[in-house]
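Let's take a friendly walk through one part of this fold. Have the sequence and the model open side by side as you read.

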Amino acid sequence: MNIKTKKPLINKYGLCLNEYKNNTNNANIYFKRAIGKSPEMEVSKAMAGFIQKKISKNEKILDVGCASGHFYRSLKKKITSNFFYTGVDPYQIFINKAKRAWKNEKNVNFKKGNIYKLPFKKNEFDISFCSNVFIHLNDVVKPLKEIIRVSKKTIIIRTVLFDVSYKIQCVYNNKWWKDVDISPENEFDSKGNPRAYSFFNILSFDYLISNIKKISPNSTIKIIKDNYFDKKKINKSIKLEKRPLATKIVGNEQVSGCILQPHYFVIIDK
Ligand SMILES: C[S@@+](CC[C@H](N)C(=O)[O-])C[C@H]1O[C@@H](n2cnc3c(N)ncnc32)[C@H](O)[C@@H]1O
């Protein structure tokens with residue numbers, strides 16, 4: 001059997017590199033958001049609202065998994081005092097776009113880096129946030145340790161939570177995802193493992209909270225359901241962006257493909 005793949009598919013952190021590395025489609029979507037050609041994401045506006053309540057003048061914000069730095073647009077709108085923004089992302093394709101989008105901003109920085117080993121010192125930032133990244137991570141304990149380590153005051157994580165955990169792999173084939181060269185009949189290997197996938201994990205409240213408490217015993221944790229969205233705006237962006245698995249709304253819940261995604265903001269005050 002000759003299976004042509006664009007290798008390596010999965011890196012040591014369980015990330016499907018084909019999804020991101022050369023993904024000009026996603027990079028362009030995030031870039032358009034960053035430069036204001038596409039609307040701000042609902043989550044970006046909500047995140048900026050939470051940060052606005054926490055931030056003081058001249059403080060430093062870190063955005064982990066920043067893509068093209070599109071959340072900065074919402075932060076800039078909401079926060080009127082001076083602040084410093086750094087975005088970190090493992091993929092050069094996103095960092096390049098981010099640097100282009102924000103080249104005229106003097107308080108903005110972008111760095112290539114991974115949440116499993118953030119390239120920053122202890123307490124380097126006052127507030128860190130991480131949106132729509134934990135869902136794609138194989139292990140979340142090291143990432144939690146890292147984001148808590150680099151943050152002095154507050155950490156805000158936006159991810160999908162439920163009463164029990166689900167480990168979900170979304171499996172790629174070249175019929176619907178052009179960045180992999182795996183035909184539908186070869187999605188799984190002979191042991192039944194997917195050849196190319198991304199995690200779409202759901203974490204239990206108990207797992208996440210107990211691990212945060214273990215890492216940072218004196219912190220307070222608030223869990224807030226993400227109801228901060230306008231259904232019409234999300235449904236409209238699906239049409240604009242034409243992305244497979246783009247978030248849609250069914251009832252009052254966000255859904256990706258066929259997976260219900262009850263999103264929450266986890267606010268950790270150290
Ligand atoms: C679904 S996008 C979310 C982008 C943005 N934070 C948002 O909410 O719109 C996931 C982002 O996380 C980044 N990412 C994936 N794995 C990562 C890791 N191990 N460390 C840091 N960022 C990661 C991706 O490159 C991508 O920019």
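Which residue in E4 does Asp63 stand opposite? Asp63 faces Phe129 there. Please keep in mind that this is a predicted model.

**The strands around E4**

Strand E4 spans residues 125-131, and seven of its seven residues are buried, leaving the strand mostly covered.

| Strand pair | Direction | Bridges | Example of facing residues |
|---|---|---|---|
| E1 and E4 | parallel | four | Asp63 and Phe129 |
| E4 and E5 | parallel | six | Phe125 and Ser151 |

From E4 the chain passes through H6 on its way to E5, making a right-handed β-α-β crossover.

**The helix in the crossover**

Helix H6 covers residues 141-149, and its buried residues are Pro143, Leu144, Glu146 and Ile147. Viewed down the helix axis, these buried residues fall within an arc of 165 degrees, so they line one face of H6. What lies over them? The cover for the buried residues of H6 includes strands E1 (59-64), E4 (125-131) and E5 (151-162), together with helix H7 (205-215).

**The ligand shell**

How many residues surround the ligand? There are 19, and the closest are Gly65, Ala67, Ile115, Ser131 and Asn132. Sorted by class, the shell holds 13 nonpolar, five polar and one charged residues. Ser131, listed among the closest to the ligand, falls within the 125-131 range of E4.

Note on methods. Residues are numbered from 1 along each chain as its sequence is written. This is a predicted model: local features need pLDDT of at least 70, side-chain atom pairs count only at pLDDT 80 or more; totals for chains, interfaces and linings use all residues. A residue is buried if 20 or more other C-beta atoms lie within 10 Å of its own, exposed if 12 or fewer, and partly exposed in between; C-beta atoms are placed from the backbone. Helices (H or I, at least four residues) and strands (E, at least two) are DSSP runs, numbered from the N terminus. The arc is that of the directions from the helix axis to the C-beta atoms. Two residues are in contact if their C-beta atoms, placed from the backbone, lie within 7 Å. A residue is near a molecule or strand if its C-beta atom, placed from the backbone, lies within 6 Å of it. Ala, Val, Leu, Ile, Met, Phe, Trp, Tyr, Cys and Pro count as nonpolar, Asp, Glu, Lys and Arg as charged, and the others, Gly among them, as polar. Two strands pair if DSSP finds at least two bridges between them. A crossover is right-handed if, with the strands pointing away from the viewer, the path from the first strand over the helix to the second runs clockwise.
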